[in-house]
Amino acid sequence: MADELDAATETLVITPEIWSQQMVDYVYSSPVMMNRVHRVDREIVAMGSKINLPQMPALTVGDVTATTGAVANQSATYTEIELTIDKWRYNAVTLVNKAGIQANRDILADFRRAYPDALMADVDAKLMALHGDITTYTQGDANTQPNEDLMTATVADLLGANLGNRMRDPNQVTFFLHTNLWKYLKKIAGWVDACVTGEAVGGRQKLELPNLYGIPVLLSSQIVSSSGRRNFLCLKEVFALGIQKGIDIQEIPIDALAKKIAASVLYGVKAYNEARGVKITTVAA
């Protein structure tokens with residue numbers, strides 16, 4: 001049920017009485033994963049509820065018959081992954097006119113600014129919930145604390161799958177790690193000590209984590225906790241995202257002296273090439 005903001009309760013803190021106070025701006029998680037996966041909405045998502053994503057068959061090389069030069073055709077069949085546009089997500093709020101008049105700021109404008117971040121964080125959460133579909137390469141368990149052995153093992157998995165050329169492009173590959181791993185990663189000397197990294201400033205003087213082995217590291221609180229944190233090392237095509245109807249904010253007519261606004265987005269997510277990613281399970285705390 002949608003929230004209703006009235007002058008007596010929810011908006012009391014921004015309705016001046018003896019003193020006036022600015023509303024605390026809620027900062028939602030900025031999108032982390034949605035802009036670093038295979039996006040199909042810019043190309044083929046227009047109408048319909050399902051999108052078929054073709055996958056190339058694996059190719060093999062054989063010998064040419066030396067005496068005749070004969071070659072045999074390889075049996076090669078495309079497969080496809082079906083992405084369903086099945087997530088219509090929203091948030092709505094109703095503002096009683098009296099509260100809007102008496103408040104010391106534009107409440108509806110506050111919510112309009114906050115809606116996009118909230119909905120984009122929701123998309124991230126749905127993508128990260130696909131962790132169960134990554135089965136070819138997995139590392140760690142619910143007792144694992146991140147260390148150099150763990151992280152190099154994940155990289156080695158994708159190198160062993162002959163994906164090294166793709167991994168050299170920092171726009172194509174990402175570590176997606178839960179925010180709680182920061183406290184472990186910042187203590188690994190090989191990544192933060194200036195005498196080891198050769199940087200002018202040691203990692204302990206900076207909040208951000210360095211790229212690991214040339215791969216960008218993005219932290220998110222949306223990483224799922226399910227028998228441990230389900231982190232990822234992913235090439236872009238591990239997951240597919242199709243946004244059919246982008247974030248839409250509109251006022252909804254209601255039979256009251258109030259305004260109701262709602263923000264919504266229509267999209268679908270799917271594991272696309274799961275063997276191009278590694279699921280990294282670590283401790284939850």
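**A buried glutamate and its surroundings**

Q: Which residues does glutamate 237 touch, not counting residues up to four places away in sequence?
A: Glutamate 237 touches His38, Arg166, Tyr272, Asn273 and Arg276. Contact means heavy atoms within 4.5 Å.

Q: Experiment or prediction? And what's the numbering?
A: This is a predicted model: local features need pLDDT of at least 70, side-chain atom pairs count only at pLDDT 80 or more, and totals for chains, interfaces and linings use all residues. Residues are numbered from 1 along each chain as its sequence is written, and side-chain values use heavy atoms, with hydrogens and water left out.

Q: How confident is it, on average?
A: The protein chain has an average pLDDT of 82, and 81% of the residues score at least 70. pLDDT is the predictor's confidence in each residue, from 0 to 100.

Q: Where does pLDDT stay under 50?
A: Over residues 13-28. The model has 22 contacts beyond four places in sequence for that stretch.

Q: Back to glutamate 237. Buried or exposed?
A: Glutamate 237 counts as buried because its relative accessible area is 8%. The cut-offs: buried is under 20% relative accessible area, exposed is over 50%, partly exposed is in between (1.4 Å probe, protein chains only).

Q: Where is it in the fold, and what is its polar contact?
A: Glutamate 237 is in the loop between β9 (229-235) and β10 (239-252). Its side chain makes a polar contact of 2.6 Å with the side chain of arginine 276. A polar contact is a pair of N or O atoms within 3.5 Å; within protein, one must be able to donate a hydrogen and the other to accept it, and residues adjacent in sequence count only if both atoms are side-chain atoms.

Q: How many helices and strands are there?
A: The protein chain has 7 helices and 12 strands. These are DSSP runs numbered from the N terminus: helices are H or I with at least four residues, strands are E with at least two.

Q: What does β11 pair with?
A: β5 joins β11 through 10 bridges, antiparallel. β10 joins β11 through 11 bridges, also antiparallel. Strands pair if DSSP finds at least two bridges between them. β10 and β11 form a hairpin with 5 residues between them.

Q: How covered is β11?
A: Mostly: 11 of its 14 residues are buried.

Q: Now the largest nonpolar core. Which members touch the most others?
A: Met33, Leu127, Phe232, Phe239 and Leu241, out of 30 residues. A nonpolar core is a set of buried Ala, Val, Leu, Ile, Met, Phe, Trp, Tyr and Cys residues joined through side-chain atoms within 4.5 Å.

Q: Which elements give two or more residues to this core?
A: β5 (87-96), α2 (107-128), β9, β10 and β11 (258-271). The largest share, 8 residues, comes from α2.

Q: What about a second core?
A: It is separate, has 24 residues, and includes Leu181, Leu185, Val217 and Val283.

Q: Last topic, backbone. What is phi at asparagine 162?
A: Positive, about 60 degrees, although asparagine 162 is not a glycine. Asparagine 162 is in the loop between α3 (148-160) and α4 (164-167). Asparagine 162 counts as exposed because its relative accessibility is 70%.
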